[in-house]
Amino acid sequence: MTSSEMWGRDAAERYDAEETEMTSAPVLGATVGFLAELAGDGRALEFAIGTGRVGVPLRERGVPVTGIELSEHMAAVLRRKVDEDTLPVVIGDMATTVVPGEFSLVYLVYNTISNLLTQDEQVECFRNAARHLRPGGRFVVELGVPPLRFLPPGQVAVPFDVSERHLGFDTIDPVEQILVSHHFTRDGEDGRYRRGASRHRYAWPAELDLMARIAGLELERRVADWDGTPFTQQSPKHISVWRKSA
């Protein structure tokens, strides 16, 4: 069992169309280039591979990719893009599911580790990554920095998108480290909005470094984006790379 919320059929079918920025050529080009360099001539394992937004182009780049995915509906969308022999996917949760073989790279993109809603499960996710890595292999996580500095006293919500077709804001429980992303998305031209929400457990970079140390991994690099921009106190997210000892 996992605390992650399950992506249903409707959400899976909409996912690629709604994530236009994350599926754009500039974003994917930088992401795939970063990961391909780390994978080298080895295999890559993507935790929570979803619809294959990153895994499919990484495979097309020549890196052998295997995926683990909790939602059968998300995996079904991926399967329309590429067959099982080209990109195998195992249905299961990223904290405990084991696939055969060793990998030079395990990676988790676009805040997905926060889908695990307890610290214990996030620790197990790091352990699972280390379990799959060959000596010298890397674990990569892309995760937003908790937006707590935007919260004045008494305020519990932070907007992250105010556009013509979408309103998005996060509500934050700093005691439980739970962030809920609320979305109001306009469907069609009749003016109606579809409401959705998802829960996440946020974690600071320092907490992730401790999880990595528990799993036998050491921080090798932390940058602000896939282009390698230096990570600073103003960075809204980070790309962190931990290495398994040789």
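Buried means under 20% relative accessible area, exposed over 50% and partly exposed in between, with a 1.4 Å probe and protein chains only. This is a predicted model: local features need pLDDT of at least 70, side-chain atom pairs count only at pLDDT 80 or more, and totals for chains, interfaces and linings use all residues. Residues are numbered from 1 along each chain as its sequence is written, and side-chain values use heavy atoms, with hydrogens and water left out.

**View 1. Phe34 and Trp226 form an edge-to-face aromatic pair.** Rings of Phe, Tyr and Trp (its six-membered ring) pair if their centres lie within 6.5 Å; planes under 30 degrees apart count as stacked, over 60 as edge-to-face and the rest as tilted. Here the centres are 5.1 Å apart, with 80° between the planes. Phe34 sits in helix H2 and Trp226 in the loop between S10 and S11, 192 residues apart. Helices (H or I, at least four residues) and strands (E, at least two) are DSSP runs, numbered from the N terminus. Both Phe34 and Trp226 are buried.

**View 2. Phe126 and Trp242 link helix H5 to strand S11.** The ring centres of Phe126 and Trp242 lie 5.1 Å apart with planes at 75°, so this pair is edge-to-face. The two residues are 116 apart in the chain. Both Phe126 and Trp242 are buried.

**View 3. Helix H2 spans residues 25-39.** Its 15 residues reach 20 Å from first C-alpha to last, close to the expected 21 Å. That expected span is 1.5 Å times one less than the number of residues. Buried residues of H2 include Leu28, Val32, Phe34 and Leu35. Among the elements covering them are helix H3 (55-60) and strand S4 (103-108), where contact means heavy atoms within 4.5 Å. Gly40 follows H2 and has a positive phi, near 60°.

**View 4. Seven strands form an open, mixed sheet.** The order is S3-S2-S1-S4-S5-S11-S10. Strands pair if DSSP finds at least two bridges between them. S3 (89-91) and S10 stand at the edges with a single partner strand each, so one side of each lacks a neighbour in the sheet. Strand S1 (residues 44-47) runs parallel to S4, joined by three bridges. Leu45 stands opposite Val106 in S4.
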